[in-house]
Amino acid sequence: MPEIICKDCGKKMFHENEDTLKVEEAVHKKFCRKKIGESYSHMHRDQQHMSTFDAERANDQKGKPVLK
């Protein structure tokens, strides 16, 4: 079974399908922590824009949830 070991964090990835393994490796490269246990975040939110992006969770002017 083909396998890949990340040089940065040491994670071992394996899959029966070699093409799927290559996709998994590409995704891992984007989200690799580099060091085990290191804190990180891929979600960066602009402090000026704190309103929700989810319309189902938005509140009206009185603070009550707006439901569909």
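Of the 68 residues of the chain, 10% count as buried. Buried means under 20% relative accessible area, exposed means over 50%, and partly exposed lies in between, with a 1.4 Å probe and protein chains only. This is a predicted model, in which local features need pLDDT of at least 70, side-chain atom pairs count only at pLDDT 80 or more, and totals for chains, interfaces and linings use all residues. Residues are numbered from 1 along each chain as its sequence is written, and side-chain values use heavy atoms, with hydrogens and water left out.

**Overall layout**

The chain holds one helix and two strands. Read from the N terminus, the order is β-β-α. These elements are DSSP runs, numbered from the N terminus: helices are H or I with at least four residues, strands are E with at least two. Strand β1 covers 3-5. Strand β2 covers 12-14. Helix α1 takes in residues 18-31.

The accessible surface of the chain is about 6,600 Å², and carbon and sulfur atoms own 52% of that. Areas come from the Shrake-Rupley method with a 1.4 Å probe; for residues, only the protein chains shown count as cover. Contact here means heavy atoms within 4.5 Å. Among contacts in the chain with a separation of 6 or more, 9% join residues 24 or more positions apart.

**The cysteines and H28**

How many disulfides does the count give? The count is zero. A disulfide is a pair of cysteine sulfur atoms within 2.5 Å. C6 has its closest cysteine sulfur in C9, at 3.7 Å, which is too far for a bond. C9 is likewise in no disulfide, its nearest cysteine sulfur being that of C6. C6 is buried because its relative accessibility is 13%. C9 is buried too, at 17%.

H28 sits in helix α1. Is H28 buried or exposed? H28 is buried, because its relative accessibility is 12%. Leaving aside neighbours within four places in sequence, H28 is in contact with C6, C9, K11 and M13.

**The salt bridge**

A search of the whole structure turns up one salt bridge. By definition, that is a side-chain nitrogen of Lys or Arg within 4 Å of a carboxyl oxygen of Asp or Glu. The partners are K12 and E3, whose closest N and O atoms are 3.3 Å apart. Side chains of opposite charge can pair when their charged atoms come close. Both ends are partly exposed: K12 has 47% relative accessibility, and E3 has 43%.

**Loops and the segment after the helix**

E16 lies in the loop between β2 and α1. E16 is exposed, at 68% relative accessibility. Its contacts, apart from neighbours within four places in sequence, are M1 and P2.

G10 is placed in the loop between β1 and β2. G10 is partly exposed, with a relative accessibility of 46%.

K34 belongs to the segment after α1. K34 is partly exposed, at 41% relative accessibility. Which residues does K34 contact, leaving aside its neighbours within four places in sequence? They are D8 and C9.

| Pair | Separation in sequence | C-alpha to C-alpha distance |
|---|---|---|
| E16 and E3 | 13 residues | 8.8 Å |
| K34 and C6 | 28 residues | 9.0 Å |
| G10 and C32 | 22 residues | 9.9 Å |

**A nonpolar patch**

V23, V27 and F31 make a nonpolar surface patch of about 280 Å². Patches are built from residues with over 30% relative accessible area and no salt bridge; like charges are joined within 9 Å, and nonpolar side chains (Val, Leu, Ile, Met, Phe, Trp, Tyr) within 5 Å. F31 is found in helix α1. F31 is partly exposed, with a relative accessible area of 44%.
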